[in-house]
Amino acid sequence: MTLLQRIGGILTAAGYRALPTRFSVRGLPFEFAMAFVANEKGHDVVVVVDLTVETAERIFVQRIQGLARALDLAKSRRPLTAILAGADPDEATIEALSRVCRVLPVGAPKNESNDQALRDWLAVLLPLPELEDLSGVADWEAELAKELASAGENEQAQKFKAAALHNAEAVELELSSSIKAEVAPALRENSV
Amino acid sequence: MTAVNLKQILIKNFRSLRGTVAVPLDASVVLLHGSNGMGKTSVLSAIELALSGQIAHLQRIDKEYAKQLLNREAEQGSISLFTRSDDLWTGKPEITINLTREGPTYSPLLYQEDAKFFSERCYLPQATLGRLLELYQDASTESTSQLTRFVKDLLGLDQLDALVDGLHPAFNVARVRNLVPEYRRFEGLVDSVNEEIGASSLNLQTAKTSVESDRREIADMLNAIYDKDVQAHSMLGDPQRLIAYVENDQADNAELLHLTSTRQEIQSLLKRWNDLPKDMGTEERDALEWEHGAARQRLEVWEKGDGQRLAAAINSLRDVFPDLPSSSASNPLDACNIAKVRAVEEKARCDRVANTSAAAAERVKALESELGKLRRRIAGRTTELSTLASDSSSLAQALAGIVPHLHDENCPVCGRNFEEVDEGPLSAHVSAMIASLTSQAGRLTAINSAQADDLNRRSVLERELLATQSGVLPPQDASNLSLRIAALAEGVAKLEALSATARIGSELMRAQNLAAERLSRANSRNEIAGQVASEASKFQQEWLQYLSAQPFATGDLLTELVSATTTRVTALRDREEKRRQIVRRLATYLDRLQQVARFEDELAKSRARLAELNVTSSHVLRIREEAKALSNAARHARTSIVGRVFNTALNKMWRDLFVRLAPQEQFVPAFKLESADGEPVEAGLETVHRSGERGGPPGTMLSAGNLNTAALTLFLALHLSVKNRLPWIILDDPVQSMDDVHIAQFAALLRTLSKNLRRQVIIAVHDRALFDYLALELSPAFPDDRLITVELSRNLAGDSLGTPTVTTFTADDSIAA
């Protein structure tokens with residue numbers, strides 16, 4: 001799979017709609033290796049420049065600046081993102097482009113099975129991963145039972161656990177009253 | 001998630017805001033712009049105060065910050081916050097806080113737990129952003145760094161913490177003692193029982209030693225008395241029997257008894273001997289004889305002369321008093337005096353009898369005369385009474401009863417006419433008859449009464465007469481009495497005359513008796529001396545073996561005998577005393593043996609008690625071991641839960657966020673969980689290279705911009721770690737030291753939070769270009785999406801102004817395919 005295909009796959013999977021390679025803004029024609037617009041919750045415009053093909057940086061910089069200007073003139077509020085793929089662009093190029101749009105110089109990341117490096121570059125365009133509610137995920141009793149498996153659980157441990165449902169003071173009280181109950185008969189006998 | 005938008009906030013004279021500023025908040029994104037000092041932070045703080053009741057970052061710096069909330073130039077101020085929903089996020093849809101110099105008074109809109117969540121994970125003040133990493137990692141006190149606390153809050157590890165903390169005392173016996181004072185007392189009890197055992201052992205040892213020495217001592221004592229008595233020695237092991245044996249030893253008793261009485265006899269002999277008068281000479285004895293003879297002669301002369309006369313005088317009275325002592329047999333003077341006294345007394349008695357008799361005779365005469373008169377009067381009355389009708393009184397009454405029936409001259413009794421007798425009218429006749437009868441009756445009564453008196457008097461006199469007659473002596477007796485009186489008078493007179501003679505007789509008799517006694521005593525002395533000597537020689541034979549000398553003089557012999565018997569008695573008593581000593585010694589020996597038994601018993605009891613206490617100790621130890629095991633298990637469980645959650649979920653989220661903002665940074669910040677085995681989890685921060693290698697802490701590995709990014713994304717990751725909590729993200733100038741690339745990425749992230757995750761995002765920025773850029777980037781992208789921008793400034797008077805602009809969605813058709 002080519003780099004461009006991988007980028008396209010990631011973006012379309014994230015809900016971006018591919019534009020034709022040729023599209024117009026207020027009648028002005030533009031051509032990019034790939035172009036996308038965001039789904040209904042966003043209105044980003046994403047263009048992809050294949051630096052392995054377009055080696056003349058001045059030309060594609062001008063094209064992107066032109067697109068940005070056209071959007072401005074059209075009073076569009078669509079944010080523009082340029083993905084520079086295939087090679088590392090010059091610092092000057094990035095700086096120049098950064099004035100008019102978001103630049104993602106993905107370069108030529110390794111072709112990994114999960115495309116982690118590429119995904120990291122594109123992350124800003126992707127929705128946040130499904131959130132995991134971490135509160136209360138721990139089943140403390142089960143975890144504790146696992147730990148105690150070797151030692152086994154007895155009545156005393158059950159009492160401590162019951163007290164733990166309240167707070168540390170309750171556990172401490174259980175500890176102290178257990179010990180108290182053990183020594184009480186001896187003390188009582190002594191005081192008789 | 002429920003869409004709850006904050007709707008509007010009205011702020012009056014709060015901190016740097018002077019006058020009233022209204023900030024609309026009813027949009028998914030609110031952008032606040034203002035140059036420094038225009039009050040951006042004040043607006044955000046006002047929101048925090050209204051929602052949570054505090055301004056956390058000020059609280060950290062100044063506990064008294066509440067008094068500084070009112071604008072310095074104002075007297076009073078207020079904050080009113082309105083929400084668009086009456087959802088149960090908040091207790092009520094709106095709140096108004098009045099500000100005074102003393103601080104605000106109100107209860108916040110959020111419940112306490114939510115307020116805390118808001119302050120920590122919804123609102124990121126500028127002041128906190130710079131310190132966030134530091135803040136989260138700051139563990140000034142054990143396990144209370146905010147990060148650690150966050151971990152615990154997040155995961156609900158309270159139960160495990162409760163186990164770890166609550167069972168903490170079990171690990172150290174000193175803490176157990178503090179926790180359970182009874183345990184301290186119990187340990188004291190164990191110590192004291194141990195001490196008792198030590199003391200009892202020592203006592204037992206000492207007592208046993210004493211018993212041994214007692215035994216030897218008693219054996220020696222036995223030797224002194226029972227040196228040949230094997231039986232006595234054999235009983236040494238049984239002191240009680242030995243005591244009985246020694247106490248019952250009567251061997252010496254009979255001898256001692258005999259010896260004691262013998263000695264008494266000898267002593268009394270010695271006393272008799274010593275009491276004997278001195279043996280006198282023959283001449284002295286003759287004088288006594290002569291003296292006795294002379295006295296005797298004088299007495300005989302007296303007896304033949306005066307004595308005869310005295311005897312005669314006394315004998316003359318012997319008719320009357322046959323028992324009178326004779327003058328010769330007893331003391332003549334006494335005999336004379338006794339006779340005289342008796343005679344005088346008898347004479348006086350006889351005189352009295354004679355006088356009484358005479359008086360009685362007189363009275364008899366008088367009585368007889370009176371009785372004669374009385375008897376004649378009584379006889380006279382008797383004659384008169386016989387003439388008087390005895391029933392005149394009742395007849396008079398009967399006649400009176402007839403009177404009412406007299407109607408004419410016809411008698412109602414006999415029916416005859418009274419006129420026939422011609423003695424006046426019948427009624428007059430009857431009345432005269434009644435009067436006569438009544439007069440007779442009165443006289444009869446008077447005579448009867450007088451007669452009764454006289455009869456009484458007669459019987460009294462007759463009785464007296466009889467009594468008096470008995471007191472009159474018969475004539476024969478009276479004559480004899482006179483003779484006796486005369487004889488007694490004569491006797492008394494004689495004795496009076498002989499009184500002096502009797503005294504002389506008495507003297508003579510006494511002198512003779514004295515001489516006789518002296519003589520007789522002299523005669524008896526030799527007889528006694530002979531008896532004593534004979535007795536003494538008898539004892540001498542008996543005590544021959546004990547005598548040291550054999551004197552012949554009776555006195556010396558007796559003295560020697562006394563001494564010998566005394567020595568023997570002393571020896572026997574000494575043996576007796578020794579036996580008593582043995583018995584006493586045996587008694588204490590017995591006591592000591594019992595003491596040994598008692599100590600052995602005590603020792604056994606103490607040891608048994610210690611064994612019981614040791615069982616209890618082991619139980620307590622078992623509880624502690626169980627507590628420790630559970631505590632350790634809880635610790636491990638906690639570590640493993642925390643580790644799992646952090647390593648899998650949280651770090652993933654943080655990495656994702658961080659990478660979005662800094663795609664080029666090779667070191668990604670991450671939570672690091674340091675936990676030595678068994679120690680509480682301590683969360684820290686580190687960096688991880690994208691290759692998976694671990695780097696140093698963020699502070700040393702990241703640039704200032706990326707540190708800021710790390711902090712920002714940490715905040716967002718923590719915010720996102722809990723679903724369904726509060727839907728607000730409020731950031732105060734979050735972009736510090738960020739280059740344009742990062743800012744663009746950040747804008748995209750904000751957009752995602754707002755558009756995809758439906759958070760209401762409120763951001764204050766001071767940079768104009770950034771503000772414009774964000775306004776563009778965050779502009780509404782779909783219907784109902786809305787952006788509010790507020791420009792904060794001041795008018796010429798210095799009052800704060802808030803100028804809002806609301807941007808709504810408009811379809812963008814600029815791009816055509």
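Reader: Which helix gives the most to the lining of the largest pocket?

Author: Helix 22 of chain B does, with six residues. Helices (H or I, at least four residues) and strands (E, at least two) are DSSP runs, numbered from the N terminus. This is a predicted model, in which local features need pLDDT of at least 70 and side-chain atom pairs count only at pLDDT 80 or more, while totals for chains, interfaces and linings use all residues. Residues are numbered from 1 along each chain, and chains are lettered from A in the order in which they are written.

Reader: How is a pocket found, and which residues lie nearest the centre of the largest pocket?

Author: Rolling a probe the size of a water molecule over the atoms shows where empty space is left. On a 1 Å grid over the protein atoms alone, a pocket is an open set of points where a 1.4 Å probe fits, with protein on both sides within 12 Å along at least five of seven lines; lining residues have an atom within 4 Å of a point. Here the lining has 24 residues, and Ser98(A), Arg99(A), Val100(A), Cys101(A) and Tyr773(B) lie nearest the centre.

Reader: Which elements of chain A each supply at least two residues of this lining?

Author: Helix 2 (57-73) and strand 7 (102-107) of chain A do, together with helix 21 (740-756) and helix 22 (768-777) of chain B.

Reader: How many helices and strands does chain A have?

Author: Chain A has seven helices and seven strands. Their order along the sequence is α-β-β-β-β-β-α-β-α-β-α-α-α-α.

Reader: What percentage of chain A is buried?

Author: Buried means under 20% relative accessible area (1.4 Å probe, protein chains only). Of the 192 residues in chain A, 51% are buried.

Definitions and conventions. Side-chain values use heavy atoms; hydrogens and water are left out. Buried means under 20% relative accessible area, exposed over 50%, partly exposed in between (1.4 Å probe, protein chains only).
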